[in-house]
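Student: I have a protein model open on my screen and would like to learn how to read it. Could we go through it together?

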Amino acid sequence: MGVLTNRTREQRQLICRAFQERTQQDLLKSLQAALSGNLERIVIALLQSAAQFDAQELRTALKNSGPAEDVALEILATRSAPHLQECLTVYKQNFQVEAEEDIKSETSDILQELLLALAKGVRDRYSGIIDYNLVEQDVQALKQAEAPSTEGTWVLIFTQRNLEHLIRVFDQYQRCTGHELEKTVQNRFHGDAQAALLSLASVIKNTPLYFADKLHQALQDIKPNYQVLMRILISRSETDLLSIRAEFKKKFGKSLYSSLQDAVKGDCRSALLALCRGEDI
């Protein structure tokens with residue numbers, strides 16, 4: 001386990017191929033036969049490609065009886081465009097259905113529109129120049145979209161504008177109205193739609209803090225949510241985990257590593273701590 005948690009995903013894929021060539025056996029199947037429970041799930045996640053892992057998590061989220069917006073939105077809103085397209089390709093290969101079709105069958109209303117728009121991966125790329133005229137147009141559009149039957153405006157702006165632009169929209173909206181855009185979301189929407197828009201707003205404003213909040217929530221239950229801990233620690237380990245750790249310590253006054261030490265029990269404890277990497281002084 002120490003080897004797997006201290007290698008990049010690309011290196012782990014090379015290890016799998018080398019093991020296959022030398023032993024004529026599949027490393028993942030060999031380890032699955034020897035492991036069970038949360039530790040087995042961690043090993044599977046570590047040895048899958050990133051696209052395979054996300055495709056499986058997305059499928060599980062959409063097909064489970066619980067609400068789909070949390071995990072589905074996390075994956076669709078926080079992965080890079082190339083990675084997301086690879087994930088959706090693997091999804092179709094593995095489950096013989098387009099992810100968009102599952103979104104249509106398992107969700108409805110504005111939540112469905114948001115997830116479908118995010119799955120298309122058409123968010124503008126930041127050119128390095130802020131169009132302040134468009135910022136003002138979007139602020140005014142959102143102010144007017146507080147009325148019924150204007151959900152399409154929220155979907156378009158939240159899913160198509162680049163993040164640098166949206167941060168300016170959020171700031172300007174607060175200057176114009178005297179309150180944060182999230183307050184309008186809370187008043188205007190309810191249920192799954194409200195939760196999805198608030199989560200998307202968190203991603204837009206500060207993605208590492210969004211993940212820090214999710215990790216903290218996963219550790220607050222009587223029994224930690226190991227699936228959430230595993231998914232975030234593995235999927236962000238090669239992108240922004242250091243920033244997530246910093247936001248966690250800043251907001252909650254305790255390091256993520258120490259929080260994991262205190263809350264996590266069982267055979268997967270050392271693996272999750274290794275994925276976290278270390279203490280933040």
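This is a predicted model: local features need pLDDT of at least 70, side-chain atom pairs count only at pLDDT 80 or more; totals for chains, interfaces and linings use all residues.

Student: Is glutamine 48 buried or exposed?

Tutor: Glutamine 48 counts as buried, at 17% relative accessibility. Leaving aside neighbours within four places in sequence, glutamine 48 is in contact with Arg9, Gln13 and Phe53.

Student: Can we zoom out? How many helices and strands does the chain have?

Tutor: The chain has 19 helices and zero strands. Along its principal axes, the C-alpha trace spans about 65 × 45 × 40 Å. For 281 residues, a compact globule would have a radius of gyration near 19 Å, and the chain's 20 Å agrees with that.

Student: What share of the residues count as buried?

Tutor: Of the 281 residues, 45% count as buried. As for contacts with a separation of 6 or more, 69% of them are between residues 24 or more positions apart.

Student: How should I read a nonpolar core?

Tutor: The general idea is that in soluble globular proteins, nonpolar side chains tend to be buried together. Here the largest nonpolar core has 85 residues, and those with the most contacts inside it are Leu58, Phe158, Leu260 and Leu272. The largest share of this core, eight residues, comes from helix 9 (residues 109–120). As for leucine 58, not counting residues up to four places away in sequence, it touches Ala72, Ile75, Leu76, Leu88, Tyr91 and Ala99.

Student: Why is helix 9 described as largely enclosed?

Tutor: Because nine of its twelve residues are buried, helix 9 is largely enclosed by the rest of the structure. Among the buried ones are Ile110, Leu111, Gln112 and Leu114. The buried residues of helix 9 pack against helix 6 (69–78), helix 7 (81–95), helix 8 (99–106), helix 11 and helix 14 (191–205).

Student: How far does helix 9 reach from its first C-alpha to its last?

Tutor: Helix 9 reaches 17 Å, close to the 16 Å expected at 1.5 Å a residue. Just after this helix, glycine 121 takes a positive phi of about 60 degrees.

Student: And how do I read aromatic pairs?

Tutor: Look at the ring centres and the angle between the planes. A search of the whole structure finds six aromatic pairs. In one of them, tryptophan 154 and phenylalanine 158 are tilted, at 5.9 Å centre to centre with 50 degrees between the planes.

Student: Where do these two sit relative to each other in helix 11?

Tutor: An α-helix has 3.6 residues a turn, so residues three or four places apart point the same way. Tryptophan 154 and phenylalanine 158 are four residues apart in helix 11 (residues 151–160), so about one helical turn separates them. Tryptophan 154 is buried, with a relative accessible area of 0%, and phenylalanine 158 is buried with 0% too.

Student: Which residues do ring pairs link into a cluster?

Tutor: Ring pairs link Trp154, Phe158, Phe170 and Phe189. Over the ring of phenylalanine 189 sits the charged end of arginine 188, 4.6 Å from the ring's centre.

Methods
Residues are numbered from 1 along each chain as its sequence is written. Side-chain values use heavy atoms; hydrogens and water are left out. A nonpolar core is a set of buried Ala, Val, Leu, Ile, Met, Phe, Trp, Tyr and Cys residues joined through side-chain atoms within 4.5 Å. Buried means under 20% relative accessible area, exposed over 50%, partly exposed in between (1.4 Å probe, protein chains only). Contact means heavy atoms within 4.5 Å. Rings of Phe, Tyr and Trp (its six-membered ring) pair if their centres lie within 6.5 Å; planes under 30 degrees apart count as stacked, over 60 as edge-to-face and the rest as tilted. A charge sits over a ring if NZ of Lys or CZ of Arg is within 6 Å of the ring centre and within 35 degrees of the ring normal. The expected span of a helix is 1.5 Å times one less than its number of residues. The radius of gyration is taken over C-alpha atoms; the globule rule is 2.2 Å times the number of residues to the power 0.38.
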